[in-house]
Amino acid sequence: MTSIYVGNLPYQITEDELRDAFAAYGEVSSAKIIMDRETGRSKGFGFVEMPDQSTAAQAIEGMNGQQLNGRDVRVNEARPKEPRPRY
């Protein structure tokens, strides 16, 4: 399973639209847009999971810099979440 970070998303894009954009490259396991807990609005980024590493690499290559609803998205392989220090 490959997790892909998608940044600079249009705030009004839906998870279905995000999934459809990446489905052009292969099977999409999940598409998730990160929402602000307080406002319920999109934070402008999300993650797409694809089960096949090679199609995920093609999707990253093909989607990076492409326009989705008028915005150039940034796409790369997601890095593991950094542990946050607890105070």
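## Ground rules

Helices (H or I, at least four residues) and strands (E, at least two) are DSSP runs here, numbered from the N terminus. This is a predicted model, where local features need pLDDT of at least 70, side-chain atom pairs count only at pLDDT 80 or more, and totals for chains, interfaces and linings use all residues. Residues are numbered from 1 along each chain as its sequence is written, and side-chain values use heavy atoms, with hydrogens and water left out.

Let's start with α1, which covers residues 15-23 and has Leu-18, Ala-21 and Phe-22 as its buried residues. Buried is under 20% relative accessible area, exposed is over 50%, and partly exposed is in between (1.4 Å probe, protein chains only). Looking down the axis of α1, these buried residues fall within an arc of 90°, so they line one face of the helix; the arc is that of the directions from the helix axis to the C-beta atoms. Over on the other side of α1, Asp-16 and Asp-20 are exposed.

Contact means heavy atoms within 4.5 Å. Leaving aside neighbours within four places in sequence, Leu-18 has contacts that include Val-6, Ile-33, Phe-47, Val-48 and Leu-68.

## The core

Leu-18 and Phe-22 turn up again in the largest nonpolar core, which has 19 residues; Ile-4, Val-6 and Val-48 join them as those with the most contacts inside it. Such a core is a set of buried Ala, Val, Leu, Ile, Met, Phe, Trp, Tyr and Cys residues joined through side-chain atoms within 4.5 Å. Two or more residues come from each of β1, α1, β2, β3 and α2, and α2 gives the most, with four.

## Two asparagines with positive phi

Now for the backbone. Asn-8 lies in the loop between β1 and α1 and has a positive phi, near 60°, without being a glycine. Its relative accessibility is 22%, so Asn-8 counts as partly exposed.

Asn-69, in the loop between β4 and β5 (71-72), isn't a glycine either, yet its phi is positive at about 50°. Asn-69 is also partly exposed, with a relative accessible area of 44%.
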